[in-house]
Amino acid sequence: MTETTASDDLVLFIQREFKATPERVYEAWTDPAILARWFGPEGSTIPECDMDVRPGGHWRALMLHADGRSNEVSGVYLSLDRPDALKLTWAWTQDDGSRGHETEIDLQFIAEGGRTRMRMTQRVFADKGMRDAHEGGWISSFRCLDQVLA
Amino acid sequence: MTSENMVPVFSALGDPVRMAIVERLLKDGETSAGDLAEPFAISKPAISRHLSVLEEAGLVERRTEKQYRMFTMKPDGLKSMADWLETYRQFWSASFDRLERILEELPPEGGLQKEPK
C-alpha cells in the first residue's frame with residue numbers, strides 16, 4: 001500500500017494505488033452496493049445509499065457508526081468522466097437537518113499496468129473565486145514555517 | 001468532521017476578499033486597515049466589516065497605534081481548519097484501506113474469465 005498525503009489548510013490531497021483497473025475503482029465510487037462496503041471508518045456501515053450518477057445528480061449515504069450514532073452525508077456529481085475522473089460535492093447533514101459546510105472532491109483514476117493510481121483532492125472551498133483568492137498559497141507557507149519553528 | 005463548530009471559520013474564510021486579506025496578513029505580517037483596503041475597489045467601511053468578521057471568527061486580532069488600526073493573524077487562527085482537515089485525512093485513509101480489501105474480493109477482471117469457485 002502506498003499512500004501519499006499532503007495538505008495545506010484548505011486542500012487535502014491523497015494519492016493511493018489499488019490493484020484493480022480504473023473501471024473497477026470508478027465503479028467502487030459510483031455503484032451504491034459497492035460503496036456501501038468500504039465507505040467510512042472500520043466498524044461503520046452504510047445501511048442506506050442512493051446515487052443518481054449523472055452530472056447534477058444527487059447522491060446520499062447514511063453512515064452508522066459502531067457506537068450507534070448515525071450521520072448522513074450527501075452531495076451532487078459535478079462531473080463524470082468514466083473511468084478517468086469524477087468530481088462531486090460533499091456535506092454532512094447537521095443535527096438541525098440542514099446541510100453543513102460543503103467541500104469539493106476531485107478524483108482521478110490513472111491506469112498503471114492493470115493497477116490504478118487514484119488521486120483525490122478535497123477542497124474546503126469549492127468555488128473558483130475562492131480558489132483564485134487562495135492562489136498566493138501563503139496559507140500553506142505559513143504551515144511550513146510553523147513546523148520549522150516548533 | 002461534522003462542521004457545526006467550524007461554521008464561523010468557514011464563513012469568515014469563505015469570501016474572496018477575506019481570503020485575500022488572510023493571505024496578505026500571512027505574507028506581510030501586521031498591516032493597517034488602510035493598507036489592507038488598498039488593493040480592493042471597495043469602501044473602507046466594507047473592509048472594516050470584513051475585518052470584524054475575521055476578528056469574530058478568531059482569525060485576526062487588532063491593536064491601535066495612534067490613529068491606525070493594525071491587524072495580524074492570530075497564531076492559532078487556522079489551527080481549527082488544519083485539525084478539521086486532519087480528521088478527514090484519517091477518515092479517507094481508513095476508508096481506502098477498506099476499499100483496497102473490497103477490490104481484492106471482487107471477481108477477477110479481464111479477458112481470461114475464470115469460473116467462480
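Buried area is the accessible area, taken with a 1.4 Å probe, that two parts lose on being put together, summed over both. The views below show a predicted model.

**View 1. The interface of chain B and chain A.** Between chain B and chain A about 4300 Å² is buried, and carbon and sulfur atoms give 67% of that area. On the chain B side, B:Trp92, B:Phe96 and B:Arg98 supply 16% of what chain B buries against chain A, more than any other three residues. The contact draws 51 residues from chain A and 43 residues from chain B.

**View 2. Polar contacts and salt bridges across the interface.** Thirteen is the count of residue pairs in polar contact across the interface of chain B and chain A, with both residues at pLDDT 80 or more. The rule also finds four salt bridges across this interface. One of them joins B:Glu100 to A:Arg16, with the closest N and O atoms 3.0 Å apart.

**View 3. The side of chain B that touches chain A.** Helix 1 (7-13), helix 2 (16-28) and helix 5 (79-105) of chain B each supply at least two residues of this side. Helix 5 of chain B gives the largest share, 21 residues. Sorted by class, the side of chain B that touches chain A has 26 nonpolar, 12 charged and five polar residues.

**View 4. B:Leu106 in the segment after helix 5 of chain B****.** The relative accessibility of B:Leu106 is 15%, so this residue counts as buried, the cut-off being under 20%. Apart from neighbours within four places in sequence, B:Leu106 is in contact with A:Arg24 and A:Arg37.

**View 5. The open sheet of chain B.** Three strands of chain B form an open sheet in the order 1-3-2, with antiparallel pairing. Strand 1 (31-32) and strand 2 stand at the edges with a single partner strand each, so one side of each has no neighbour in the sheet. Strand 1 and strand 3 of chain B run antiparallel and are joined by two bridges. In this pairing B:Thr31 stands opposite B:Phe71 of strand 3.

**View 6. The hairpin of strand 2 and strand 3 of chain B****.** Strand 2 (residues 60-65) and strand 3 (residues 68-73) of chain B pair in the antiparallel sense over six bridges. B:Glu61 has B:Thr72, in strand 3 of chain B, as its bridge partner. Two residues lie between the strands of the hairpin, and B:Lys66 takes a positive phi near 55°.

How values were computed. Residues numbered from 1 in each chain as written. Chains lettered and ligands numbered in written order. Predicted model: local features only at pLDDT ≥ 70, side-chain atom pairs only at ≥ 80, totals over all residues. Heavy atoms only, no water. Contact = heavy atoms within 4.5 Å. Salt bridge = Lys/Arg side-chain N within 4 Å of Asp/Glu carboxyl O. Polar contact = N/O pair within 3.5 Å; in protein donor to acceptor, adjacent residues only side chain to side chain. Helix = DSSP H or I, 4+ residues; strand = E, 2+ residues; numbered from the N terminus. Nonpolar A, V, L, I, M, F, W, Y, C, P; charged D, E, K, R; others polar. Pairing = 2+ DSSP bridges. Buried < 20%, exposed > 50% of the residue type's maximum accessible area, 1.4 Å probe, protein only.
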